[in-house]
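Please read them with the structure open.

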Amino acid sequence: MTTSRRTLMTAAAAAGLAATAVGTGTGTAYAKDAKGGGHAVKEHFGTLADGTKVDRWTIENGRTRLSVLTYGGIVQSLEIPDRHGRMANVSLGFADLDSYVAGSPYFGALIGRYGNRIANGKFTLDGHAYQLPVNDGPNSLHGGDKGFDKRVWSIEPFEGGGNVGLTLRRVSPDGEMGYPGKLTVRVDYTLTPTGDWRIDYEATTDKPTVVNLTNHTYYNLGGEGTGSIYDHRLQIAASRYTPVGKTLIPTGELAKVAGTPFDFRRSKAVGRDIREAHQQVLYGQGIDHNFVLDKGITSRPEHIVTVSEPESGRVMRIATTEPGVQFYTGNFLVGTLAGTSGQVYRQGDGFCLETQHFPDSPNQAGFPSTVLRPGETYRSTTVHSFSTR
Ligand code: BGC
């Protein structure tokens, strides 16, 4: 299946169509334009049990190639070059739709309405109590049992200014998964001429609600299915993190990372301190924590993370407008899933860096607010830049 898709892409590129227009036919190709910009290809990826067809859109620009499913807005593949120019898919996932539907730990997914946990699935807003589905022990995780990651999004490609991108849209009805308000959501995945992958989220509501959108890509810069990420070197510009209790709900404290395994202020190997018997590492079965970014909330994306993989030389830098990032070391990958290239994923074979507001903010008065009111627009931007060393 993967091979035939590749063939289609290559054939489309080789055809050298001078197209810059945008269309929607299955397998429609938009070859590089005169300025070397990208093209978008749409293919059928699978069909859901209710008959809904799911497409896979692929865009390419500046040596980055991104494939996104209409199901869950899932990043199904992210290909970038190593220091010798060899491309590899650096995102964990599956080769077919059925595997995503059967049980994906949110591989590549667009997460909403609320990234991470809300304690006991409960919160109160303006005096109204809301109950969300509880789908992770006693808590609600990633928007409930049928969050944005399991919904079908409309996708339209766009081009302009050397960028090539996909616009994902969905209207989440009032009360969906227990959340108040009709939420109108737009997410742009843009590849810039230098191959940066930028995500712009936007949402409006007709009733007061809470929102915290993120992307749940699991990275392995050595290539998906190549084993552990513990040798990756990571730097996070965060002096504090939010410690959790045993069901991974923040205690409310903003604890210093200094002297703990959570100190990534200077670049270190991801696995260096992961076996330290620190209570927080035991609770998370590794690292599964929100880092409080020193820069705070910003109107423009600011640099927060540099992560690199020594063998391939691949480097990813992340900039965001968000105040936090959930660093998760793939602790619950336990050898039960075979990924895109057929290799089994084991603990620590991928990591997530989910830019976000802090977990359980609706119940934590001391955390930055995640409340969105009618007339306001929720906006969040995260940029991933790729290079080699
Ligand atoms: C959470 C983990 C969870 C994972 C996927 C992460 O965002 O922090 O606790 O296991 O998502 O399921």
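**Notes on the fold, the sheets and the ligand shell**

1. Thr-58 stands opposite Ser-67 in S3. Strand S3 covers residues 64-69 and pairs with S2 in the antiparallel sense, over six bridges; two strands pair if DSSP finds at least two bridges between them. The hairpin of S2 and S3 has two residues between the strands, and Gly-62 takes a positive phi near 50° there.

2. On provenance, this is a predicted model, in which local features need pLDDT of at least 70, side-chain atom pairs count only at pLDDT 80 or more, and totals for chains, interfaces and linings use all residues. Residues are numbered from 1 along each chain as its sequence is written.

3. S2 also has a partner in S1. Strand S1 (residues 40-47) and strand S2 (residues 53-61) run antiparallel and are joined by seven bridges. Lys-42 has Trp-57 in S2 as its bridge partner. Five residues lie between S1 and S2 in this hairpin, and in the turn Gly-51 has a positive phi of about 95°.

4. Overall, the chain has three helices and 30 strands. Along the principal axes, the C-alpha atoms fill a box of roughly 55 × 45 × 40 Å.

5. Of the 389 residues, 48% count as buried. The cut-offs are 20 or more other C-beta atoms within 10 Å of a residue's own for buried, 12 or fewer for exposed, and partly exposed in between, with C-beta atoms placed from the backbone. Among contacts in the chain with a separation of 6 or more, 63% are between residues 24 or more positions apart. Two residues are in contact if their C-beta atoms, placed from the backbone, lie within 7 Å.

6. An open sheet is formed by six strands in the order S17-S28-S25-S22-S19-S20, with antiparallel pairing. Strand S17 (218-219) and strand S20 (255-256) are at the edges with a single partner strand each, so one side of each is left without a neighbour in the sheet. S17 and S28 run antiparallel and are joined by two bridges; Tyr-219 has Phe-351 in S28 as its bridge partner.

7. Which residues touch the most other members of the largest nonpolar core? They are Val-68, Ile-236 and Phe-351, in a core of 82 residues. Strand S13 (residues 183-191) gives the largest share of this core, five residues. A nonpolar core is a set of buried Ala, Val, Leu, Ile, Met, Phe, Trp, Tyr and Cys residues joined through C-beta atoms within 7 Å.

8. Leaving out residues up to four places away in sequence, Ile-236 touches Phe-264, Phe-291, Ile-304, Val-305, Val-325 and Phe-327. Val-325 belongs to strand S25 and counts as buried, with 26 C-beta neighbours inside 10 Å. Beyond four places in sequence, the contacts of Val-325 include Ile-236, Leu-293, Leu-353 and Glu-354. Val-325 and Leu-337 are 12 residues apart in sequence, yet their C-alpha atoms are 26 Å apart in space.

9. The ligand is surrounded by Pro-105, Tyr-106, Asn-116, Leu-248, Asp-288, Gln-326, Tyr-328, Phe-332, Cys-352 and Glu-354; a residue is near a molecule if its C-beta atom, placed from the backbone, lies within 6 Å of it. Strand S25 (324-328) and strand S28 (351-356) are the elements that give two or more residues to this shell. By class, the shell has six nonpolar, two polar and two charged residues. Here Ala, Val, Leu, Ile, Met, Phe, Trp, Tyr, Cys and Pro count as nonpolar, Asp, Glu, Lys and Arg as charged, and the others, Gly among them, as polar.

10. Two loop positions complete the list. Gly-93 lies in the loop between strand S5 (87-89) and helix H2 (97-103) and is buried, with 27 other C-beta atoms within 10 Å. Pro-362 lies in the loop between S28 and strand S29 (371-372) and is buried, with 23 other C-beta atoms within 10 Å.

How values were computed. Helix = DSSP H or I, 4+ residues; strand = E, 2+ residues; numbered from the N terminus.
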